[in-house]
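The sequence and the structure come first.

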Amino acid sequence: MLSTSKPVLWLAIMALSALFLTTGIRARDLGQWENADPQVRGWYQSLMMPDVPTASCCGEADAYWCDDIHVKDSKTFCTITDDRDNAKLRRTPVPIGTEIEIPDHKLTWKDGNPTGHSVVFLSTGGLVYCFVQNGGV
C-alpha cells in the first residue's frame, strides 16, 4: 500500500488548481449572441480576470447587470438589476434584487465598459469571476 504524505498531497492539489486557473474558463456562447453589437461582443470576449490574467471573465452568458453598487462593512456589493430574459440568453437565472458580494481582487476597470451597465460575471454556482463598473471605453 502506498502512503501519500501531506506535503505531496498539498503539492498535487496546488498543481491541479494552477492548471485549472491557467487554462481559462469556457464561456457558454451557444449562438445566442450572434446579433449583438460587435464592439460589445468583442469586449465581453476579451475580458480577463484581474487576479488570473490568463483566465477569461467568461462571456455574455455569465454576465448580469448589477447597477446598484454599495459598500458595507468595508466590502463591496452590487444588487442584480438585470431584467433580460434568462431563457433567451441561456443563462442561469439570478433574481433581480439579489445582492452579490464583490471580492476586491475581482474588480477591474482596465478595458472600460461599453455596455451602459455595471456587469458582474458569475459561475452557475454564484462564484464571481469579474466585476466591471459602468463606464466608457
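Among contacts in the protein chain between residues at least 6 apart in sequence, 53% join residues at least 24 apart. The model is a predicted one. Its protein chain holds three helices and seven strands, and the order of these elements from the N terminus is α-α-β-β-β-α-β-β-β-β. Of the 137 residues in the protein chain, 36% are buried. The accessible surface of the protein chain is about 8400 Å², with 59% of this area belonging to carbon and sulfur atoms.

In soluble globular proteins, nonpolar side chains tend to be buried together. Here the largest nonpolar core has 16 residues, and Y44, L47, M49, V119, F121, Y129 and C130 are those with the most contacts inside it. At least two residues of this core come from each of α2 (38–46), β1 (63–65), β6 (119–122) and β7 (128–132). Another core, of 12 residues, lies apart from it and includes Y64, V94, I102 and V120.

The count of disulfides comes to two. Counted along the chain, the bonded cysteines follow the pattern 1-4, 2-3.

| Disulfide | Angle about the S-S bond | Handedness |
|---|---|---|
| C57 and C130 | -90° | left-handed |
| C66 and C78 | 90° | right-handed |

The sulfur atoms of C57 and C130 are 1.8 Å apart. This pair links distant parts of the chain, with C57 in the loop between α2 and β1 and C130 in strand β7, 73 residues apart. C57 has a relative accessible area of 0% and is therefore buried; C130 is likewise buried, at 0%.

In the disulfide of C66 and C78, the sulfur atoms are 2.0 Å apart. C66 is in the loop between β1 and β2 (68–72), and C78 is in strand β3 (residues 75–79), 12 residues apart. C66 is buried, with a relative accessible area of 0%, and C78 also counts as buried, at 0% relative accessibility.

Which cysteine is in no disulfide? That residue is C58, and the nearest cysteine sulfur, that of C57, is 7.7 Å away. C58 counts as buried, at 3% relative accessibility.

The backbone nitrogen of C58 is reached by the side chain of S56 at 2.8 Å. S56 lies in the loop between α2 and β1. With a relative accessible area of 14%, S56 is buried, because the cut-off for buried is under 20%.

Conventions:
Residues are numbered from 1 along each chain as its sequence is written. This is a predicted model: local features need pLDDT of at least 70, side-chain atom pairs count only at pLDDT 80 or more; totals for chains, interfaces and linings use all residues. Side-chain values use heavy atoms; hydrogens and water are left out. A nonpolar core is a set of buried Ala, Val, Leu, Ile, Met, Phe, Trp, Tyr and Cys residues joined through side-chain atoms within 4.5 Å. Buried means under 20% relative accessible area, exposed over 50%, partly exposed in between (1.4 Å probe, protein chains only). Helices (H or I, at least four residues) and strands (E, at least two) are DSSP runs, numbered from the N terminus. A polar contact is a pair of N or O atoms within 3.5 Å; within protein, one must be able to donate a hydrogen and the other to accept it, and residues adjacent in sequence count only if both atoms are side-chain atoms. Contact means heavy atoms within 4.5 Å. Accessible areas come from the Shrake-Rupley method with a 1.4 Å probe; for residues, only the protein chains shown count as cover. A disulfide is a pair of cysteine sulfur atoms within 2.5 Å.
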